[in-house]
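Please look over the sequence and the structure shown here, and then read the short report that follows.

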Amino acid sequence: ENFPKGKRLLTRLDYSRVFSGSKRIQNKAFTLLIHYNSESNDSKLGLVISKKVHKTAVQRNRIKRLVR
């Protein structure tokens, strides 16, 4: 596993912070959200795969595992 749990966004609160106040960079293939945390210098990864990419949660989770 390339990204241990300590280096990933895990909770709903983590994701809501990123989605609410982030710098957004996007192109046709993906959207990148960057959120700066003044409390910590650690970088964390959070992946969201939309239903447009694949309908089933099993396949979306597989994509996330492959990316990590």
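This is a predicted model: local features need pLDDT of at least 70, side-chain atom pairs count only at pLDDT 80 or more; totals for chains, interfaces and linings use all residues.

## The largest pocket

The largest pocket holds about 1100 Å³ of space. Its lining is made by 33 residues, and those closest to the centre of the pocket are L9, V18, L32, L33 and G46.

Two or more lining residues come from each of the elements α1, β2 and α2 (57-67), and the largest share, five residues, is given by α1. Sorted by class, the lining of the largest pocket consists of 17 nonpolar, eight polar and eight charged residues.

## The salt bridge in helix α1

A search of the whole structure finds one salt bridge, and the partners in this pair are D14 and R17, whose closest N and O atoms lie 3.9 Å apart. Both residues belong to helix α1 (residues 12-20), where they are three residues apart and therefore separated by about one helical turn.

The two partners can also be described by their accessibility: D14 counts as buried because its relative accessibility is 18%, while R17, at 44% relative accessibility, counts as partly exposed.

Conventions. Residues are numbered from 1 along each chain as its sequence is written. Side-chain values use heavy atoms; hydrogens and water are left out. A salt bridge is a side-chain nitrogen of Lys or Arg within 4 Å of a carboxyl oxygen of Asp or Glu. Helices (H or I, at least four residues) and strands (E, at least two) are DSSP runs, numbered from the N terminus. Buried means under 20% relative accessible area, exposed over 50%, partly exposed in between (1.4 Å probe, protein chains only). On a 1 Å grid over the protein atoms alone, a cavity is a set of points where a 1.4 Å probe fits but cannot get out, and a pocket is an open set with protein on both sides within 12 Å along at least five of seven lines; lining residues have an atom within 4 Å of a point. Grid points are joined across faces, edges and corners, and a volume is the space filled by probe spheres set on the points. Ala, Val, Leu, Ile, Met, Phe, Trp, Tyr, Cys and Pro count as nonpolar, Asp, Glu, Lys and Arg as charged, and the others, Gly among them, as polar.
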